[in-house]
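These are my notebook entries on one chain. I record what I looked up, in the order in which I looked.

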Amino acid sequence: MQDQKLRVLVVEARFYSEIADALLAGATDVLSAHDVDFDVVTVPGALEIPGAIAIADASG
């Protein structure tokens, strides 16, 4: 089995901007500190999260 670099999708709901900013900063800081590749997808609210994940999964 080959060692594969971990890749993470961060889905950010922007309904509460101040909270979203803090959560995103914390998540990206930790991921970067551990040398994890990540993408960030922003959606307007929590109800759009499953759709964003499905689209990201379908696009590879």
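Which backbone oxygen does the side chain of Thr28 reach? I found that the side chain of Thr28 reaches the backbone oxygen of Ala25, at 3.2 Å. This is a polar contact, that is, a pair of N or O atoms within 3.5 Å, where within protein one must be able to donate a hydrogen and the other to accept it, and residues adjacent in sequence count only if both atoms are side-chain atoms.

**Basis of the entries.** I note that the model is predicted, that local features need pLDDT of at least 70 and side-chain atom pairs pLDDT 80 or more, while totals for chains, interfaces and linings use all residues. Residues are numbered from 1 along each chain as its sequence is written, and side-chain values use heavy atoms, with hydrogens and water left out.

**The chain.** I looked up the order of elements and read β-α-β-α from the N terminus on, with two helices and two strands. Helices (H or I, at least four residues) and strands (E, at least two) are DSSP runs, numbered from the N terminus. Of the 60 residues, 15% count as buried. Buried means under 20% relative accessible area, exposed over 50%, and partly exposed in between (1.4 Å probe, protein chains only).

**Helix α1.** I checked its length: the 17 residues of α1 should span 24 Å at 1.5 Å a residue, and the end C-alpha atoms are 24 Å apart, which agrees. The expected span is 1.5 Å times one less than the number of residues. I then listed the buried residues of α1, which are Ala20, Thr28 and Leu31. They lie on the same side of α1, because they cover an arc of only 65 degrees around the axis; the arc is that of the directions from the helix axis to the C-beta atoms. Their cover includes β1 (7-13) and β2 (37-43). The face turned away from the buried side carries the exposed residues Glu18, Ile19, Ala22, Asp29 and Ala33.

**Thr28.** I returned to Thr28, whose relative accessible area of 17% makes it buried. Leaving out residues up to four places away in sequence, Thr28 touches Phe38 and Val40; contact means heavy atoms within 4.5 Å.

**Ile49.** Is Ile49 buried or partly exposed? I read a relative accessibility of 25%, so Ile49 counts as partly exposed. Ile49 belongs to helix α2 (residues 49-58). With residues up to four places away in sequence not counted, Ile49 touches Val11, Ala13 and Val43. Ile49 and Ala13 are 36 residues apart in sequence, yet 7.2 Å apart in space, C-alpha to C-alpha.
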